[in-house]
Amino acid sequence: MKHILPIITLTTLAAAASAQSAAAAGLSYNRAGVNYNTDSVENGYSVSVEALVGSSNVWVGATADLDNVGEDSVAVGYLFKNVAAGIDATVAVASNDTYGIILRRSLNEVVAGLEARFVWSQATGSNSVDSFVYELAYNIGSKYQVAVSIEDADGADNETSVSVRYNF
């Protein structure tokens, strides 16, 4: 009977630690999606895929614009998990002289399955543009996700996207 309090305390701490690591593991980095993009000039579809290479933190991604030739991109980066307050950060370089930072966080404490994403990127060279993407996504089970994002780019048309993704 005198050991019941330490046992309950240890059990509670173990459960809390397990729940915290499960929340951090809730973000999927292996996914493919179809996106509908709209801005003031044109509307169109694109497909995207991203994945971690093996069990490493090396992240790769690619996007193919189905309507505009030359708008495709590939990227490679490194994922830093749980940098602060449950936020994962990816530092990446992409084709067309672009580099950036991707921040993602699960918002399960607000609504189970909700996640936020923020992207800052900068294209260098003759087309120097800073771009910010704000995204809110909802996971439907463990395999599917729907997302809405707004891209705010300096000197360019802002774009709104709706995405449906499959986590693999």
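Visitor: In which strand does S131 lie?
Guide: S131 lies in strand β8. Helices (H or I, at least four residues) and strands (E, at least two) are DSSP runs, numbered from the N terminus.

Visitor: What kind of model is this?
Guide: This is a predicted model, in which local features need pLDDT of at least 70 and side-chain atom pairs count only at pLDDT 80 or more, while totals for chains, interfaces and linings use all residues. Residues are numbered from 1 along each chain as its sequence is written, and side-chain values use heavy atoms, with hydrogens and water left out.

Visitor: Back to S131, then. Buried or exposed?
Guide: S131 counts as buried, because its relative accessibility is 5%. Buried means under 20% relative accessible area, exposed means over 50%, and partly exposed lies in between (1.4 Å probe, protein chains only).

Visitor: Which residues is S131 in contact with?
Guide: Leaving aside neighbours within four places in sequence, S131 is in contact with V119, W120, S121, E151, D152 and A153. Contact means heavy atoms within 4.5 Å. With E151, the side chain of S131 makes a polar contact of 2.7 Å. A polar contact is a pair of N or O atoms within 3.5 Å; within protein, one must be able to donate a hydrogen and the other to accept it, and residues adjacent in sequence count only if both atoms are side-chain atoms.

Visitor: And what is the bridge partner of S121 in β8?
Guide: The partner is S131. Further along, A123 stands opposite V129 in β8. In total, 10 bridges join strand β7 (residues 114-123) to strand β8 (residues 129-140), and these two strands run antiparallel. Two strands pair if DSSP finds at least two bridges between them.

Visitor: What holds paired strands of a sheet together?
Guide: Strands of a sheet pair through backbone hydrogen bonds, either parallel or antiparallel.

Visitor: How many residues sit between β7 and β8?
Guide: There are 5 residues between β7 and β8, which form a hairpin. In that turn, G125 has a positive phi of about 85 degrees.

Visitor: Let us step back. How many helices and strands does the chain have?
Guide: The protein chain has 1 helix and 10 strands. The 10 strands close into a barrel with antiparallel pairing, in the order β1-β2-β3-β4-β5-β6-β7-β8-β9-β10. Neighbouring strands of this sheet are turned by 20 degrees against each other on average, direction ignored. Here axes are lines fitted to C-alpha atoms, for helices over the stretch in contact, and angles run from 0 to 180 degrees between N-to-C directions.

Visitor: What share of the residues is buried?
Guide: Of the 168 residues of the protein chain, 30% count as buried.

Visitor: New topic: how many aromatic pairs are there?
Guide: The structure holds 6 aromatic pairs. One of them is a tilted pair of F118 and Y134, with 5.6 Å centre to centre and 45 degrees between the planes. This pair links distant parts of the chain, since F118 in strand β7 and Y134 in strand β8 are 16 residues apart. Rings of Phe, Tyr and Trp (its six-membered ring) pair if their centres lie within 6.5 Å; planes under 30 degrees apart count as stacked, over 60 as edge-to-face and the rest as tilted.

Visitor: Which aromatic cluster includes F118 and Y134?
Guide: F118, F132 and Y134 form one aromatic cluster. F118 is partly exposed, with a relative accessible area of 26%, and Y134 is partly exposed as well, at 43%.

Visitor: Where is S46?
Guide: S46 is in strand β2 (residues 43-52). With a relative accessible area of 4%, S46 is buried. The side chains of S46 and N37 are joined by a polar contact of 3.1 Å.

Visitor: What about the C-alpha atoms of S46 and A64; what distance separates them?
Guide: They are separated by 5.5 Å, although the two residues are 18 residues apart along the chain.
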